[in-house]
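Subject: Structure handover

Hello,

Here is the structure I promised to pass on. Please open it alongside this note. My findings follow below.

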Amino acid sequence: MARKRRIGIMGGTFDPIHYGHLVTAERARGDYELDQVLFLPSGTPPHKPLDQVTDVKHRYMMTVLATLTNPYFEVSRVDIDREGKSYTIDTLRILKSIYPESELFFITGADAILEIMSWKNPERLLELSEFIAATRPGFCLENSSQQVVEWFKRNNKRLHLLQVPAMAISSTDIRSRVAQGQSIRYLVPEVVEHYIKKNRLYHSQHPDREGCDE
Ligand code: ATP
Ligand code: MG
């Protein structure tokens, strides 16, 4: 039987896309022999107030520009063109209907994946897709709660950990650096840096918006 096509899915706000996202996607592609990685900028992010997210036309453009030179990377509008909020379960169902013969690999930060524990039906998610959770180097699952450790072990065929050195980069920090006039060189692709400058994105950030990633 022919090998099934393996598609990585990297969902995000991408406000802006940065090297953490790109390195993770490329590493996942290599380690899990993915044929393609789809970047899915979110339309209306479920967890972020509307007035705090940059217009999707800019986030989409930066994602296209950042992924342009990698032949395995593509940008999908699935989450943008959809009405309402983008929940992972809906995204996976839609992708499964578009690519019924493919195996899906949802790539996400490990902290985000731990939220799966609170989702209604994690088993259903794991049926639709395998999950690759990016962690900081040295991350030790054993330090998580007993419940989380057991959940990972129970699902270890569909749920994978991937250590990524660039994990410390965040869009929050990049927005804050731009607002303070600091350099973001080597945190985002040069073309994204130019795009941010040209469109004066993140310059007028209110100090309240700075701070930790949620
Ligand atoms: P923000 O600081 O605004 O939350 P972010 O840097 O976390 O932005 P998102 O667009 O929210 O970026 O993240 C998209 C996906 O990429 C999520 O699954 C998130 O866990 C993951 N991610 C975020 N930063 C990194 C990174 N440095 N390395 C690998 N994955 C990351
Ligand atoms: Mg985030």
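Which residue of S5 does Gly109 stand opposite? The answer is Ala134. Please note that this is a predicted model.

The sheet

The pair just mentioned belongs to a wider arrangement. Six strands form an open sheet in the order S3-S2-S1-S4-S5-S6, and the pairing is parallel. The edges are taken by S3 (73–75) and S6 (159–163). Each has a single partner strand, so one side of each lacks a neighbour in the sheet. On average, neighbouring strands are turned by 25° against each other, direction ignored.

Now the individual pairs. S2 (residues 36–41) and S3 are parallel, with three bridges. There, Val37 sits opposite Phe73 of S3. S4 and S5 also pair in the parallel sense, over five bridges. S5 and S6 run parallel and are joined by five bridges. Ala133 has Leu161 in S6 as its bridge partner.

Strand S5

S5 deserves a separate look. Six of its six residues are buried, so the strand is largely enclosed by the rest of the structure. Both faces are covered. Glu130, Ile132 and Ala134 are buried on one side. Phe131, Ala133 and Thr135 are buried on the other. As background, side chains in a regular strand alternate between the two faces of the sheet.

H4 lies across S1, S2, S4 and S5. Its run is at about 150° to S4.

Helix against helix

H2 (residues 56–67) packs with H9 (residues 190–198) at an angle of about 155°, and their axes are 8 Å apart. Angles over 145 degrees count as roughly antiparallel, and H2 and H9 are therefore roughly antiparallel to each other. Their crossing is right-handed. From H2, the contact uses Lys57, His58, Met61, Met62, Leu65 and Ala66. These meet Val191, Val192, Tyr195 and Ile196 in H9. By class, the contact has eight nonpolar residues, one polar and one charged.

One loop residue

Last, Ser102. This residue is in the loop between H4 (88–98) and S4 (103–109). Is Ser102 buried or exposed? With a relative accessible area of 6%, Ser102 is buried, because the cut-off for buried is under 20%. Leaving aside residues up to four places away in sequence, Ser102 touches Arg5, Ile7 and Lys96.

Best wishes

Technical notes: Residues are numbered from 1 along each chain as its sequence is written. Chains are lettered from A and ligands numbered from 1 in the order in which they are written. This is a predicted model: local features need pLDDT of at least 70, side-chain atom pairs count only at pLDDT 80 or more; totals for chains, interfaces and linings use all residues. Side-chain values use heavy atoms; hydrogens and water are left out. Helices (H or I, at least four residues) and strands (E, at least two) are DSSP runs, numbered from the N terminus. Buried means under 20% relative accessible area, exposed over 50%, partly exposed in between (1.4 Å probe, protein chains only). Contact means heavy atoms within 4.5 Å. Axes are lines fitted to C-alpha atoms, for helices over the stretch in contact, and angles run from 0 to 180 degrees between N-to-C directions. Angles under 35 degrees count as roughly parallel, over 145 as roughly antiparallel, 65 to 115 as roughly perpendicular and the rest as oblique. A crossing is left-handed if the near helix is turned anticlockwise from the far one by less than a right angle, and right-handed if clockwise. Ala, Val, Leu, Ile, Met, Phe, Trp, Tyr, Cys and Pro count as nonpolar, Asp, Glu, Lys and Arg as charged, and the others, Gly among them, as polar. Two strands pair if DSSP finds at least two bridges between them.
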